[in-house]
Amino acid sequence: MRRLMLLRHAKTETDSPSGRDEDRRLDQRGHHDAAEIGGWMRRHPPVPDQVLVSHAVRALQTWEIAWEAMKEAVPAPQVELVPELYGADISQLLETIRNASSITNPKRLMLVGHNPGMHELAIGLAGSGDAAGRAALADNLPTAGLAIFDFGIDDWSDVGLRRGRLELFVSPKLLKQTSGD
């Protein structure tokens with residue numbers, strides 16, 4: 001069994017001081033939402049064993065803030081910056097996941113990245129699972145949105161489209177709509 005967590009970066013400023021898209025930082029709402037998702041993850045283990053993060057400032061900030069909200073309650077995962085996650089399409093994201101076995105072979109893997117690739121991947125992986133979550137996810141993987149998939153496989157190289165079971169889709173907006181997390 002393998003668990004994959006897809007976390008889209010939180011809300012960002014419109015432009016970066018440098019003018020480069022990769023340098024855009026989280027705005028105030030983004031800081032709050034990243035902390036909220038991190039707190040939710042702390043209260044709903046298990047957390048990832050390995051986290052692959054896009055090199056874009058907003059993705060790294062999202063992970064760092066989320067981690068800050070959960071780090072006292074959970075063991076530290078291995079974290080790696082992966083430049084290829086920036087602007088990655090569904091095939092590039094699948095390749096990154098499939099290669100996880102060749103390095104540390106984590107049981108629980110998280111990607112922190114960007115749309116449209118992350119949203120397309122989430123839709124593509126969901127072969128079964130939480131019907132309400134699949135319906136909500138069909139429209140968008142919003143900023144700070146987290147999609148959690150389980151796969152009945154022993155090796156990441158076996159991950160494929162429609163083979164995942166969506167266990168849960170959560171976002172700061174959805175958390176606000178529910179009273180008990």
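Q: What covers the buried residues of H1?
A: The cover includes strands E1 (2–8), E4 (108–113), E6 (146–151) and E7 (164–170), along with helices H2 (57–70) and H7 (172–177). Covering here rests on contact, meaning heavy atoms within 4.5 Å. Helices (H or I, at least four residues) and strands (E, at least two) are DSSP runs, numbered from the N terminus.

Q: Where do these numbers come from?
A: This is a predicted model, in which local features need pLDDT of at least 70 and side-chain atom pairs count only at pLDDT 80 or more, while totals for chains, interfaces and linings use all residues. Residues are numbered from 1 along each chain as its sequence is written, and side-chain values use heavy atoms, with hydrogens and water left out.

Q: Ok, which residues of H1 are buried?
A: Gly30, Asp33, Ala34, Ile37, Gly38, Gly39, Trp40 and Met41. Buried means under 20% relative accessible area (1.4 Å probe, protein chains only).

Q: What happens at the start of H1?
A: A side-chain oxygen of Asp27 comes to within 3.2 Å of the backbone nitrogen of Arg29 there.

Q: And H2, what does its buried part pack against?
A: E1, H1, E4, strand E2 (50–53) and strand E3 (78–81). The buried residues of H2 include Trp63, Ile65, Trp67 and Met70. With 14 residues, H2 should span 20 Å, and its end C-alpha atoms are 20 Å apart, which agrees.

Q: New topic. What volume does the largest pocket have?
A: About 250 Å³. A pocket is an open set of points on a 1 Å grid where a 1.4 Å probe fits, with protein on both sides within 12 Å along at least five of seven lines; lining residues have an atom within 4 Å of a point.

Q: Which residues line the largest pocket?
A: Among them are Arg29, Asp33, Phe169, Lys173 and Gln177. H1 and H7 are the elements giving two or more residues to that lining, and H7 gives the largest share, five residues. The lining divides into five nonpolar, three polar and four charged residues.

Q: What about the second largest pocket?
A: Its volume is about 180 Å³. Twelve residues line the second largest pocket, and Leu168, Phe169, Val170, Leu174 and Thr178 are the closest to its centre. Helix H6 (131–139), E7 and H7 each supply at least two residues of this lining.

Methods. Buried < 20%, exposed > 50% of the residue type's maximum accessible area, 1.4 Å probe, protein only. Polar contact = N/O pair within 3.5 Å; in protein donor to acceptor, adjacent residues only side chain to side chain. Points joined across faces, edges and corners; volume = space filled by probe spheres on them. Nonpolar A, V, L, I, M, F, W, Y, C, P; charged D, E, K, R; others polar. Expected span 1.5 Å × (residues − 1).
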